[in-house]
Amino acid sequence: MWDKEMITMLVDGTVDTLYMTLISTLFGYVLGLPMGILLAVTDKEGIRPNGLLYKILDFIANLIRSIPFLILLILVIPLTKLIVGQSYGPNGTVVPLVIAAAPFIGRMVESSLKEVDQGVIEAAISMGAGTGEIIWKVLLAEARTSLLVGVTIAIGTILGYSAMAGVVGGGGLGDIAIRYGYYRYQTDVMLVTIVILVLLVQIMQGLGMLLSKKMDKRRV
């Protein structure tokens with residue numbers, strides 16, 4: 001059973017899982033990072049309070065995060081087909097992954113930026129720094145370690161979501177686990193995919209934590 005074809009399938013599944021995870025994380029941050037910055041900046045205790053904008057972003061983030069990923073995956077099928085031309089396979093899974101990841105990332109970014117010492121922000125304001133300078137040179141710079149830890153958490157979460165997509169033919173290791181481990185009762189195949197998924201998460205988290213420690217100025 002563990003012939004060359006099976007090994008090749010597992011290798012391809014691992015590559016597809018990494019592709020879905022990394023691409024979705026990238027585009028998740030393209031959407032989630034600005035959302036998180038706006039949430040932190042427009043909060044009532046932010047540097048540019050804006051109650052209306054904050055409530056809109058807060059509602060969107062809470063709404064999407066409250067929808068289980070498998071249900072979201074089905075709900076956005078028309079949008080997925082419109083963007084990538086199909087609702088299955090690795091490419092078809094990236095769209096719902098990005099939609100699910102963006103508000104999650106936004107919340108983590110918001111939390112990281114709110115951890116920045118208010119004294120540092122006030123000092124920048126007193127020196128005449130503009131909003132853009134405060135965001136780029138103070139908030140993001142001071143929160144870089146926390147933000148990097150957030151990237152690690154996001155990658156692990158998105159990787160888990162990508163495995164769930166296997167239920168509807170999303171491709172990757174999750175798809176292999178469902179097709180062989182569940183429908184064909186090949187428990188050994190399912191166990192191998194689980195081990196690979198766990199190893200991927202551990203490797204990514206290990207690398208992320210190592211980088212965060214190196215970037216943490218408190219450890220210099």
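Y185 is exposed in this predicted model, because its relative accessible area of 70% is over the 50% mark. The residue belongs to a protein of ten helices and zero strands, in which 45% of the 220 residues count as buried.

**Y185 and its loop**

- The loop that holds Y185 runs between α9 (172-182) and α10 (187-215).
- Although Y185 is not a glycine, its phi is positive, at about 60°.
- The C-alpha atoms of Y185 and I77 lie 29 Å apart in space, and the two residues are separated by 108 residues in sequence.

**Overall fold**

- Read from the N terminus, the order of elements is α-α-α-α-α-α-α-α-α-α.
- Along the principal axes, the C-alpha atoms of the protein fill a box of roughly 70 × 45 × 25 Å.
- Of the contacts between residues at least 6 apart in sequence, 73% join residues that are at least 24 apart.

**Nonpolar cores**

- In soluble globular proteins, nonpolar side chains tend to be buried together.
- The largest nonpolar core has 33 residues, and within this core L113 and L139 touch the most other members.
- Two or more residues of this core come from each of α1 (4-42), α3 (69-75), α5 (89-114), α6 (118-126), α7 (131-142) and α8 (144-164).
- Helix α5 gives the largest share of this core, with ten residues.
- Beyond its neighbours within four places in sequence, L139 is in contact with V41, L113, V116, I121 and I134.

**Second largest pocket**

- The second largest pocket holds about 170 Å³ of space.
- Its lining is formed by A40, V41, D43, E45, G46, I47, L113, K114, Q118, I121 and L139.
- Helices α1, α5 and α6 are the elements that give two or more residues to the lining of this pocket.
- By residue class, the lining of the second largest pocket has six nonpolar, two polar and three charged members.
- L113 and L139, which touch the most other members of the largest nonpolar core, are both included in the lining of the second largest pocket.

**Aromatic pair**

- One aromatic pair is found in a search of the whole structure.
- This pair is stacked, because the ring planes of F69 and Y161 stand at 5°, with the ring centres 4.9 Å apart.
- F69 lies in helix α3 and Y161 in helix α8, so the pair ties together parts that are 92 residues apart in sequence.
- F69 counts as buried because its relative accessibility of 5% is under the 20% cut-off.
- Y161 is partly exposed, since its relative accessible area of 22% lies between the 20% and 50% limits.

Methods:
Residues numbered from 1 in each chain as written. Predicted model: local features only at pLDDT ≥ 70, side-chain atom pairs only at ≥ 80, totals over all residues. Heavy atoms only, no water. Core = buried A, V, L, I, M, F, W, Y, C linked by side-chain atoms within 4.5 Å. Buried < 20%, exposed > 50% of the residue type's maximum accessible area, 1.4 Å probe, protein only. Helix = DSSP H or I, 4+ residues; strand = E, 2+ residues; numbered from the N terminus. Contact = heavy atoms within 4.5 Å. 1 Å grid on protein atoms, 1.4 Å probe; cavity = no way out; pocket = protein on both sides within 12 Å on 5 of 7 lines; lining within 4 Å. Points joined across faces, edges and corners; volume = space filled by probe spheres on them. Nonpolar A, V, L, I, M, F, W, Y, C, P; charged D, E, K, R; others polar. Phe/Tyr/Trp six-rings, centres within 6.5 Å; stacked < 30°, edge-to-face > 60°.
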